[in-house]
Amino acid sequence: QVQLVESGGGLVQSGGSLRLSCAASGSFFSTYVMGWYRQAPGKQRELVATITSSGSVNYADSVKGRFTISGDNAKNTVYLQMNSLKPEDTAVYYCNRRESTYLSYWGQGTQVTVSG
């Protein structure tokens, strides 16, 4: 099994920065897709960014140019660097790891709050 633990959330002012981390532990394959999702009150959970085990990255249009996803295979950890934060970025951020069409894991989530 795989367990994911997110950290790095908090309260920041508009224009500030945060760095989220997602550490994976357990028994898992080397081929994967990692993703950051977020869910604001009253809204559906949405995809923020993804990174594959080969290094390919993708971003939602709303965060392009502001957020950067990266990974450290030696530490089994993926990061989300968030710059120029806006109040609309306020949400619970979740880490996801998918190893196949039927193997997918979720973290517990970390709160990000941006004051305007």
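Q: Which residues have the most contacts inside the largest nonpolar core?
A: In this predicted model, the largest nonpolar core has 28 residues, and those with the most contacts inside it are Trp36, Val48, Phe67, Val78, Leu80, Met82 and Tyr93. A nonpolar core is a set of buried Ala, Val, Leu, Ile, Met, Phe, Trp, Tyr and Cys residues joined through side-chain atoms within 4.5 Å. Buried means under 20% relative accessible area, exposed over 50%, and partly exposed in between (1.4 Å probe, protein chains only).

Q: And which element gives the largest share of this core?
A: Strand S3 does, with four residues. Strands are DSSP runs of E with at least two residues, numbered from the N terminus.

Q: What does Val78 touch, leaving aside its neighbours within four places in sequence?
A: Val78 is in contact (heavy atoms within 4.5 Å) with several residues, among them Leu20, Met34, Trp36, Ile51, Ile69 and Cys95.

Q: Changing topic, what is the order of strands in the open sheet?
A: The four strands follow the order S1-S3-S8-S7, with antiparallel pairing. Two strands pair if DSSP finds at least two bridges between them. The edge strands are S1 (2-7) and S7 (67-72), each of which pairs on one side only.

Q: How many bridges join S7 and S8?
A: Six bridges join them, in the antiparallel sense. Asp72, for example, stands opposite Thr77 in S8.

Q: What about S4, which strands does it pair with?
A: S4 (residues 33-39) runs antiparallel to S5 (residues 46-52), with six bridges between them. S4 also pairs with S9 (residues 91-98) in the antiparallel sense, over seven bridges. Trp36 has Cys95 in S9 as its bridge partner, while Tyr37 stands opposite Leu47 in S5.

Q: Now for charges: how many salt bridges are there?
A: The count comes to five, where a salt bridge is a side-chain nitrogen of Lys or Arg within 4 Å of a carboxyl oxygen of Asp or Glu. In one of them, the side chains of Arg38 and Asp89 meet at 3.0 Å, N to O. Arg38 lies in S4 and Asp89 in the loop between S8 and S9, so the pair ties together parts that are 51 residues apart in sequence.

Q: Are Arg38 and Asp89 buried or exposed?
A: Both are buried. They also belong to a network of salt bridges that links Arg38, Glu46, Arg66 and Asp89.

Q: What should I know about the numbering and the values?
A: Residues are numbered from 1 along each chain as its sequence is written, and side-chain values use heavy atoms, with hydrogens and water left out. As this is a predicted model, local features need pLDDT of at least 70 and side-chain atom pairs count only at pLDDT 80 or more, whereas totals for chains, interfaces and linings use all residues.
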